[in-house]
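This report describes a protein model from its overall layout down to single residues. Please keep the sequence and the structure in view while reading.

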Amino acid sequence: MAGIAGTASRSSAMAEQRLDDEVEQITHALQESGPTSRDRLEPAVGGRSWGPGRFRRALRESERESRARSLADGSYAPTDGRGRPDSASGDPHDQR
């Protein structure tokens, strides 16, 4: 039974890594293009090829991590990245 638990843990870790990669793709696309509608963002990152519900989940996670924000018109915009633990602003006075 121990092999089953290891496989589940490995699968979970791989799924988490894929989600992180998808969030990064969304973040990068928004930083490059600025505010973008959901309908344009999904093809820009190849979200349809990720699988059912994956783009929606990655977009929600992007918001939860403060890497994207939804606008009143239903589009999404980049944030300053302060929610990212690995972001580097280039400002030596930035205290995170």
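Helices (H or I, at least four residues) and strands (E, at least two) are taken as DSSP runs and are numbered from the N terminus. The model is predicted, and local features need pLDDT of at least 70, side-chain atom pairs count only at pLDDT 80 or more, and totals for chains, interfaces and linings use all residues. Residues are numbered from 1 along each chain as its sequence is written, and side-chain values use heavy atoms, with hydrogens and water left out.

## Overall layout

The protein has three helices and three strands, which follow the pattern α-β-α-α-β-β when read along the sequence. Burial is judged by relative accessible area, where buried means under 20%, exposed over 50% and partly exposed in between (1.4 Å probe, protein chains only). Of the 96 residues in the protein, 30% are buried. A contact means heavy atoms within 4.5 Å; among contacts between residues at least 6 apart in sequence, 45% join residues at least 24 apart.

## Helices α2 and α3

Helix α2 (residues 38–45) and α3 have axes that come within 11 Å and cross at roughly 105°. The axes are lines fitted to C-alpha atoms, for helices over the stretch in contact, and the angles run from 0 to 180 degrees between N-to-C directions. From α2, the residues that make the contact are Arg38, Leu41, Glu42 and Val45, and from α3 they are Phe55, Arg56 and Leu59. These residues divide into four nonpolar, no polar and three charged, given that Ala, Val, Leu, Ile, Met, Phe, Trp, Tyr, Cys and Pro count as nonpolar, Asp, Glu, Lys and Arg as charged, and the others, Gly among them, as polar.

## The nonpolar core

A nonpolar core is a set of buried Ala, Val, Leu, Ile, Met, Phe, Trp, Tyr and Cys residues joined through side-chain atoms within 4.5 Å. The largest one holds 13 residues, of which Ile26, Leu41, Val45 and Phe55 touch the most other members. Helices α1 (2–33), α2 and α3 each supply at least two residues of this core, and α1 gives the most, with five residues.

Phe55, found in helix α3, is buried, as its relative accessible area is 2%. Not counting residues up to four places away in sequence, Phe55 touches Ile26, Arg38, Leu41, Glu42, Val45, Gly47 and Trp50. Val45 has its place in helix α2 and counts as buried because its relative accessibility is 12%. With the same exclusion of residues up to four places away, Val45 touches Gln25, Ile26, Ala29, Trp50 and Phe55.

The table lists pairs of residues by their separation along the chain and by the distance between their C-alpha atoms.

| Pair | Separation in sequence | C-alpha to C-alpha distance |
|---|---|---|
| Val45 and Gln25 | 20 residues | 6.2 Å |
| Ala44 and Ser33 | 11 residues | 9.8 Å |
| Phe55 and Pro43 | 12 residues | 10.0 Å |

## Two serines

Ser66 lies in the loop between α3 (54–64) and β2 (68–70). The phi angle of Ser66 is near 60°, a positive value in a residue other than glycine, and Ser66 counts as partly exposed because its relative accessibility is 34%.

Ser75 is found in strand β3 (residues 75–78) and is buried, with a relative accessible area of 7%. The side chains of Ser75 and Asp73 are joined by a polar contact of 2.5 Å. Such a contact is a pair of N or O atoms within 3.5 Å; within protein, one must be able to donate a hydrogen and the other to accept it, and residues adjacent in sequence count only if both atoms are side-chain atoms. Leaving aside residues up to four places away in sequence, Ser75 touches Thr36, Ser37, Arg69 and Ser70.
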